[in-house]
Structure formats: structure tokens, C-alpha cells
Amino acid sequence: MFTEEEIKTLKNIASDYQDIKKFYTQTSLKELAFKVCKKHELTLESLKSKERTREHVIARVEFTKRATEELGKSLSTVARFLNRDFTGAWYYKNSNHWVSK
């Protein structure tokens with residue numbers, strides 16, 4: 001069995017692990033963009049391009065909503081990633097082209 005000191009040490013290790021774990025499991029914007037691109041059969045360059053086709057807009061809407069909701073990224077950060085201004089990201093965030101499940 002474990003001594004009281006060993007139990008205390010293990011509890012400290014476990015609590016530190018829970019805090020660190022969130023940094024390793026969090027997806028980056030680029031990883032999320034690749035997932036969205038794969039789903040919509042686009043390239044990262046086309047996601048960031050000025051194309052305004054329905055497929056591109058729907059992919060950007062999904063990316064923006066997921067980045068803000070799942071990753072907690074700000075609209076300014078998402079807009080910079082997509083080579084857009086803040087109002088473009090704001091439009092994607094408030095658009096109902098794509099609804100998260």
C-alpha cells in the first residue's frame with residue numbers, strides 16, 4: 001500500500017496533470033482549418049482565399065463558429081487567420097448557413 005506521503009504526492013501529480021492536459025488536447029486554428037477543409041473538400045489556401053462561392057462561405061462559417069465556440073478564439077484572431085477583417089468574421093459567426101451539432 002501507499003504511505004500518506006506517497007498518496008499526497010500522487011494527488012499533487014494528478015492535479016497538475018489535469019491542468020496541463022487541456023494544453024495538449026486543445027486543437028490549434030490550423031488543425032481545425034485542415035479538418036474543416038477536408039470535410040468540405042477544400043484546400044487551406046482556398047479557405048483563406050477571396051472566393052465567395054457557397055462552398056467556401058459555408059466552410060468559413062463552420063470554421064469561424066467552431067474556432068470561437070470550441071477553441072475560445074476571438075473574432076479578431078479568426079479574422080486574421082482567414083485574411084479577413086473583423087466584420088467578415090462577425091458575419092460568419094452570426095450566419096446561419098451552418099449550425100453546430
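Biologist: What makes the contact of Arg66 with Glu62 a salt bridge?

Modeller: A salt bridge needs a side-chain nitrogen of Lys or Arg within 4 Å of a carboxyl oxygen of Asp or Glu. The closest N and O atoms of Arg66 and Glu62 are 3.3 Å apart. That value is within 4 Å, so the pair qualifies.

Biologist: What kind of model is this, and how are residues numbered?

Modeller: This is a predicted model, where local features need pLDDT of at least 70 and side-chain atom pairs count only at pLDDT 80 or more, while totals for chains, interfaces and linings use all residues. Residues are numbered from 1 along each chain as its sequence is written, and side-chain values use heavy atoms, with hydrogens and water left out.

Biologist: How many helices and strands does the chain have, and what counts as one?

Modeller: The chain has 6 helices and 0 strands. Both are DSSP runs, numbered from the N terminus: helices are H or I, at least four residues, and strands are E, at least two. The order from the N terminus is α-α-α-α-α-α.

Biologist: Where do Arg66 and Glu62 lie?

Modeller: Both are in helix α4, 4 residues apart, about one turn of the helix. An α-helix has 3.6 residues a turn, so residues three or four places apart point the same way.

Biologist: Which other salt bridge does Glu62 make, and with what N to O distance?

Modeller: Glu62 also meets Lys39, at 3.3 Å, N to O. Glu62 sits in helix α4 and Lys39 in helix α2 (residues 29-40), so this pair ties together parts 23 residues apart in sequence. Lys39 has a relative accessible area of 52%, so it is exposed.

Biologist: Which residues are linked in the salt-bridge network?

Modeller: Lys39, Glu62, Arg66 and Glu70. The structure holds 4 salt bridges.

Biologist: What makes Glu69 and Lys93 one of them?

Modeller: Their closest N and O atoms are 3.6 Å apart. Glu69 lies in helix α4 and Lys93 in helix α6 (residues 86-94), so parts 24 residues apart in sequence are tied together. Glu69 has a relative accessible area of 46%, so it is partly exposed. Lys93, with 25%, is partly exposed too.

Biologist: How do you know that the span of α4 agrees with its number of residues?

Modeller: The expected span is 1.5 Å times one less than the number of residues. Helix α4 (residues 54-69) has 16 residues and should span 22 Å. Its end C-alpha atoms are 22 Å apart, so the two agree.

Biologist: Why is α4 called largely enclosed?

Modeller: 13 of its 16 residues are buried, so the rest of the structure largely encloses α4. In the chain, buried residues make up 37% of the 101 residues.

Biologist: What makes Phe2, Ile7, Leu10 and Ile13 a nonpolar patch?

Modeller: Patch residues have over 30% relative accessible area and no salt bridge; nonpolar side chains (Val, Leu, Ile, Met, Phe, Trp, Tyr) are joined within 5 Å, like charges within 9 Å. These four form such a patch on the surface, with about 380 Å² of accessible area together (Shrake-Rupley method, 1.4 Å probe). Phe2 has a relative accessible area of 57%, so it is exposed. Phe2 lies in the segment before α1 (4-25).

Biologist: How do you know that Lys48 sits over the ring of Phe81?

Modeller: NZ of Lys or CZ of Arg must be within 6 Å of the ring centre and within 35 degrees of the ring normal. Lys48 lies over the face of Phe81, at 4.3 Å from the ring centre.

Biologist: What makes Glu41 and Asn83 stand out in their backbone angles?

Modeller: Glu41 has a positive phi of about 55°, although it is not a glycine. Asn83 has a positive phi of about 60° and is not a glycine either. Glu41 lies in the loop between α2 and α3 (44-48). Glu41 is at 73% relative accessibility, so it is exposed. Asn83 lies in the loop between α5 (75-81) and α6.

Terms used. Buried < 20%, exposed > 50% of the residue type's maximum accessible area, 1.4 Å probe, protein only.
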